[in-house]
Amino acid sequence: MAAKYDVIVVGARCAGAPTAMLLARKGYRVLVLDKAGFPSNTVSTHMIQAPGVVLLRRWGLLAEVIAAGTPPIEKYSFDFGCPGGNVRFSGTARMPDGFCTAYAPRRTILDDILVRAAAVAGAEVREHFTVTDLVADNGVVTGVRGHGRSGVAVVEHADLVVGADGRNSLVAKLVGACTYNAHPVGQYQYYSYWSDLPMDGFEIVVRPHRVWAAQPTNDGLTMLAVAWPAREKHAFRSAIEANYLQTLELAPEFADRVRRATRREPFVGAGVPNYFRKPYGPGWALVGDAAYLKDPITALGITDAFRHAELLADAIDRIRCGRMSFDAAMLEYQKTRDEAAQQVYEHTAHLAALEPLTAEFERVMRALAAGNTDAADQFAGINAGLVAPADFFAPDNVERILGSAP
């Protein structure tokens, strides 16, 4: 059967909707399917780091995020619990042109903006549609099978099916996408939303075997996530609220702020595995968490989803225009993604173990707290995906940082 669409995208959130939007803007026939309706919520750290904000601006969508009352975040505040006394400092994650603003919109707001942008670009969006299987011809994926709310079975055909359906991706499962360089779940985190909880930008507090982070979001709320090591997940889950609040007492000033605040929503959370998946094969491709997932401790998931949506859309365009073969363009997509992600991926997996600080790391953090603002900005840049961890912790850079301390 002749393909009705050039591309079918399964999943319409932070990876799928931008992929569909970008392809539709290039003139391709795109169908986007999602079992959810929009606006709707999903588990998320919310943070869009500065490079992701730049993409939103380039796509013409940043103004909508700002108009929704999403507060800007331009400061990263760190608090490390060290044996000789807590170490506190702040930094600004600056891009080469000086841009340094991040945002943490609620997913009810962000995903709706992205889905509507895909529709405006010309993509056909079907909400409340559940994909149940893939259609294939001689080992090549040619479409999807599923149903809407009516339950009536529907088959749609396309030259390419893109799985943007998250870490439990049905598309990845059905095509047998291989996983590599995997790390187990490092930590379990639970979060909720609080009113009257002022934040000094994006605040990160680290204590032995514990970490929490908070950032302002829409409607005057602050999202506050608390994490314990995966080996303690059952203990954490046994009394989530009590353990969450007790953890905050490791930083009394922070805990006091929370006591004066009001929790507005239930606790939500989970543990996240770390993996790369081969993101393509005959008639199919993967993007977003379906293709690459890491612990949320570095809060780069949405930013990476945006980046990889652009990479994939560009690869598909090169294929469709005849500039590259399918295998060559998709291999380039995979290699570009992996090379850009590898360092921060390993850094994230290491952080997620929530091990105590090493003596060398503590020395560097104390040097940053002593007033080295340039180095503090570099450290904040790691969290924003702007500075490679290996570059920051390179011996010559560490020597410069330590040498600048009073």
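**Entry: a proline in a loop**

I started with P356, which comes out as partly exposed, with a relative accessible area of 44%. I count it as partly exposed because the value falls between the cut-offs, under 20% for buried and over 50% for exposed. A reminder to myself: this is a predicted model. P356 sits in the loop between helix 10 and helix 11. I then looked up its separation from G81: the two are 275 residues apart in sequence, yet their C-alpha atoms are 9.3 Å apart in space.

**Entry: the annotated domain**

I checked the UniProt record next. In an unreviewed entry, it places the feature "domain: FAD-binding" at residues 4-346. For that span I noted 32% helix and 31% strand, with the end C-alpha atoms 41 Å apart.

**Entry: the largest pocket**

I moved on to the pockets and took the largest one, which has a volume of about 1200 Å³. Which residues lie nearest its centre? I found T42, V43, G166, R167 and D289 there, out of 48 lining residues. The elements giving two or more residues to this lining are strand 8 (130-137), helix 5 (170-175), strand 12 (187-195), strand 17 (268-271), strand 21 (292-293) and helix 9 (301-320). Helix 9 gives the largest share, five residues. By class, I wrote down 23 nonpolar, 15 polar and 10 charged residues for the lining of the largest pocket.

**Entry: the second largest pocket**

The second largest pocket has a volume of about 740 Å³. Its lining has 37 residues, and F80, V206, I297, L351 and F361 are the closest to the centre. Several elements give two or more residues to this lining, among them strand 4 (76-80), strand 13 (202-207), strand 15 (221-229), helix 10 (326-352) and helix 11 (359-369). Which element gives the largest share of the lining of the second largest pocket? I found that to be strand 14, with five residues. The classes for the lining of this second pocket are 24 nonpolar, nine polar and four charged residues.

**Entry: the loops around strand 14**

The loop between strand 13 and strand 14 holds H209. Its phi is near 65°, a positive value in a residue other than glycine. H209 counts as partly exposed, at 25% relative accessibility.

The loop between strand 14 and strand 15 holds N218. Is N218 buried or exposed? I got a relative accessible area of 0%, so N218 is buried. I looked for partners of its side chain and noted two. A polar atom of the N218 side chain lies 3.3 Å from the backbone oxygen of A68. The N218 side chain also makes a polar contact, at 3.3 Å, with the side chain of T217.

**Entry: a hairpin**

Strand 8 pairs with strand 9 (residues 140-147) in the antiparallel sense, over seven bridges. Within this pairing, V144 in strand 9 is the bridge partner of L134. The hairpin has two residues between the strands, and N138 takes a positive phi near 55° in it.

I then traced a sheet: three strands in the order 11-18-21, open, with antiparallel pairing. Strand 11 (179-183) and strand 21 stand at its edges with a single partner strand each, so one side of each has no neighbour in the sheet. Strand 11 and strand 18 (residues 274-277) share three bridges, and T179 stands opposite R277 in strand 18.

Strand 11 also contains N181. I flagged N181 for a positive phi of about 50° although it is not a glycine. N181 counts as partly exposed, at 31% relative accessibility.

**Entry: a cis peptide bond**

Last, I looked up omega for the bond joining F38 and P39. The peptide bond there is cis, with omega at about 5°. I placed P39 in the loop between strand 2 (30-33) and helix 2 (50-58).

Notes. Residues are numbered from 1 along each chain as its sequence is written. This is a predicted model: local features need pLDDT of at least 70, side-chain atom pairs count only at pLDDT 80 or more; totals for chains, interfaces and linings use all residues. Side-chain values use heavy atoms; hydrogens and water are left out. On a 1 Å grid over the protein atoms alone, a cavity is a set of points where a 1.4 Å probe fits but cannot get out, and a pocket is an open set with protein on both sides within 12 Å along at least five of seven lines; lining residues have an atom within 4 Å of a point. Grid points are joined across faces, edges and corners, and a volume is the space filled by probe spheres set on the points. Helices (H or I, at least four residues) and strands (E, at least two) are DSSP runs, numbered from the N terminus. Ala, Val, Leu, Ile, Met, Phe, Trp, Tyr, Cys and Pro count as nonpolar, Asp, Glu, Lys and Arg as charged, and the others, Gly among them, as polar. UniProt positions are given in the numbering used here, feature names are shortened, and annotations may be inferred rather than shown by experiment. Two strands pair if DSSP finds at least two bridges between them. Buried means under 20% relative accessible area, exposed over 50%, partly exposed in between (1.4 Å probe, protein chains only). A polar contact is a pair of N or O atoms within 3.5 Å; within protein, one must be able to donate a hydrogen and the other to accept it, and residues adjacent in sequence count only if both atoms are side-chain atoms.
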